[in-house]
Amino acid sequence: MMFEPQRLHPVSALINFIKGLKDAILPLAAVLFLNSNRGDGWLGLLPFLISGLMLVIILAGGIIKWLRFTYWLEEGELRMEHGLFVKKKRYIPIDRIQSLDFSEGIFHRPFQLVKVTVETAGSSNAMEAEAELTAIRKEEAKMLEEHINELKKSSQEVKEEEGETSRQLVYKMGMKDILVMALTSGGAGVVISGVLVFLSQGMEFLPVDAIYDEVIDWLQFSFLFIAGVVLLVLIVAYGISVLLTILRYSQFSVFLEGGDIIMTRGLLEKKQVTIPLNRIQGIRVDENLIREPLGYASVTIISAGGSQSNDSDHSLRVLPLIKRKNIEEVLHSILEDYQLNLPVQRPPQRSLLRYIARFVWLPVIASTVLSILFYPFGMLALISVPVFMWLGYLSFKHAGWNIENNQLTLIRRFLVKQTYIMKKFRVQALYSDQSLFQRRAKLATIGATLKSGIGGERAQVWYLEEKDTHHLLKWYSYEQ
């Protein structure tokens with residue numbers, strides 16, 4: 001029973017060891033490889049003895065953490081105790097628990113285990129989950145979730161008919177959409193940067209002088225070969241990023257169950273994220289320069305509470321990639337009171353030059369400096385100026401706003417076109433900014449803040465008609 005103290009699965013000791021080893025990898029590398037003044041005899045073995053001792057300590061720490069960790073439900077709280085010399089207790093009221101998120105890593109799946117992440121409406125640390133059960137059996141996780149749901153319902157005095165609520169599938173990504181998302185993502189840059197960091201660290205252990213002497217002769221006449229190697233590295237990195245995205249988002253599905261949105265995904269590592277509908281503050285539709293011409297977009301839910309950890313798992317991208325024309329239909333099945341395809345009012349034509357100037361002033365300065373310092377090749381930097389002028393024009397072209405009853409829509413663009421849709425009672429603040437030059441032109445900037453994670457999420461549209469910003473502020477301040 002969940003009302004008696006429960007232990008984690010022994011696999012959690014191994015997971016704790018792996019985590020500790022990951023955190024200690026740099027000190028271990030420093031001890032093993034950066035000690036160039038090794039002596040003979042026992043002094044030469046000293047780095048290995050220190051490394052071995054560190055590994056034993058990390059392993060012992062993982063085992064002790066597993067042995068001393070217990071959890072249970074009691075008096076309307078999820079209680080956890082852990083610690084050897086200092087015993088720590090954490091009691092989380094059931095009413096504060098927003099969701100239990102399940103994930104299965106490579107150490108979980110062979111033993112039918114899951115990691116349970118406890119998210120609360122007001123976490124003490126926005127970068128971390130409120131609590132985490134490293135490894136428990138799937139049936140225990142399901143039982144824990146059922147007990148918590150029962151306690152929440154009874155404490156809130158919500159009476160429902162007996163029988164389990166059916167889980168309704170509202171969206172599932174096909175392999176074609178997953179492949180398009182993988183091919184149009186920016187994951188290759190992450191892979192390449194990781195490789196460069198590894199190589200920069202590994203250069204310390206390579207005989208650079210010897211390699212340089214051997215390589216310098218053919219470097220002078222092998223430019224095409226070097227370019228080919230660079231191209232190959234880029235292709236391989238791009239391929240790796242595509243594969244990782246496919247594995248990560250394979251079998252991505254969105255379900256409705258009771259008052260929650262449930263997202264599941266992953267092939268090697270399965271993840272499940274739960275979003276209570278009553279915590280949703282608004283939605284954001286993103287269209288980047290590559291996906292937009294193809295008719296694709298992504299939809300992110302802006303939710304109050306929860307952490308921002310676990311590799312962006314809590315960015316709450318409910319529709320990672322979907323045809324723009326299909327968003328409203330799918331979204332209506334999840335949030336039926338949100339309207340997407342509404343006519344918007346654009347900034348006035350006299351705002352165009354301001355949009356362009358906003359985008360090009362920094363590239364103009366930077367390219368001018370580069371042109372002077374590295375003349376004549378530095379003048380190639382001037383190519384960036386018309387590119388940013390074009391981005392400024394796109395930002396002007398796509399900006400806009402709309403008010404429909406109690407819904408506010410704001411659209412802005414930099415590299416990504418972002419459409420924010422929010423309800424009046426969810427907007428934390430609506431504000432207007434106006435500089436001296438904007439006042440003379442009777443222009444102003446409007447912005448809205450929604451509660452989300454660290455500091456909230458902000459939507460902003462530049463250089464609107466001054467009277468339009470007054471209209472928006474009046475809509476927000478007074479009852480219609």
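This note sets out points on the fold, the surface and the charged contacts of the structure above.

1. Basis of the note. The model is predicted: local features need pLDDT of at least 70, side-chain atom pairs count only at pLDDT 80 or more, and totals for chains, interfaces and linings use all residues. Residues are numbered from 1 along each chain as its sequence is written, and side-chain values use heavy atoms, with hydrogens and water left out.

2. Overall make-up. The protein has 13 helices and 20 strands; these are DSSP runs numbered from the N terminus, helices being H or I of at least four residues and strands E of at least two. Of its 480 residues, 42% are buried, where buried means under 20% relative accessible area, exposed over 50% and partly exposed in between (1.4 Å probe, protein chains only). Among contacts with a separation of 6 or more, 60% join residues 24 or more positions apart; a contact means heavy atoms within 4.5 Å.

3. The six-strand sheet. An open sheet runs in the order β14-β13-β12-β17-β16-β15, with antiparallel pairing; two strands pair if DSSP finds at least two bridges between them. The edges are β14 (319-323) and β15 (400-404), each with a single partner strand, so one side of each has no neighbour in the sheet. From one strand to the next, the twist averages 20°. Within this sheet, β12 (residues 280-288) and β13 (residues 296-303) are joined in the antiparallel sense by six bridges, and Ile-283 has Ile-301 in β13 as its bridge partner.

4. A helix across the sheet. Helix α5 (residues 175-183) lies across β13 and β14 and runs at about 110° to β14. Axes are lines fitted to C-alpha atoms, for helices over the stretch in contact, and angles run from 0 to 180 degrees between N-to-C directions.

5. The β3-β4 hairpin. Strands β3 (residues 77-82) and β4 (residues 88-93) pair in the antiparallel sense over six bridges, and His-82 stands opposite Lys-88 in β4. Five residues separate the two strands, and Gly-83 in this hairpin takes a positive phi near 115°.

6. A nonpolar patch. A nonpolar surface patch of about 1,200 Å² includes Leu-289, Phe-377, Trp-390 and Phe-414. Patches are made of residues with over 30% relative accessible area and no salt bridge, like charges being joined within 9 Å and nonpolar side chains (Val, Leu, Ile, Met, Phe, Trp, Tyr) within 5 Å. Helix α11 (residues 384-398) gives the largest share, three residues. Phe-414 sits in the loop between β16 (407-413) and β17 (416-423) and is partly exposed, at 44% relative accessible area.

7. Salt bridges. The whole structure holds 14 salt bridges, each a side-chain nitrogen of Lys or Arg within 4 Å of a carboxyl oxygen of Asp or Glu. Glu-287 meets Arg-324 in one of them (3.3 Å, N to O). Glu-287 lies in β12 and Arg-324 in the loop between β14 and α9 (327-334), so the pair ties together parts that are 37 residues apart in sequence. Glu-287 is buried, at 5% relative accessibility.

8. A salt bridge within a helix. Glu-145 and Lys-142 also form a salt bridge (3.5 Å, N to O); they are three residues apart in helix α4 (residues 138-155), or about one helical turn. Glu-145 is buried at 12% relative accessible area, whereas Lys-142 is partly exposed at 36%.

Technical notes: Areas by Shrake-Rupley, 256 points an atom, 1.4 Å probe, with all protein chains shown as cover.
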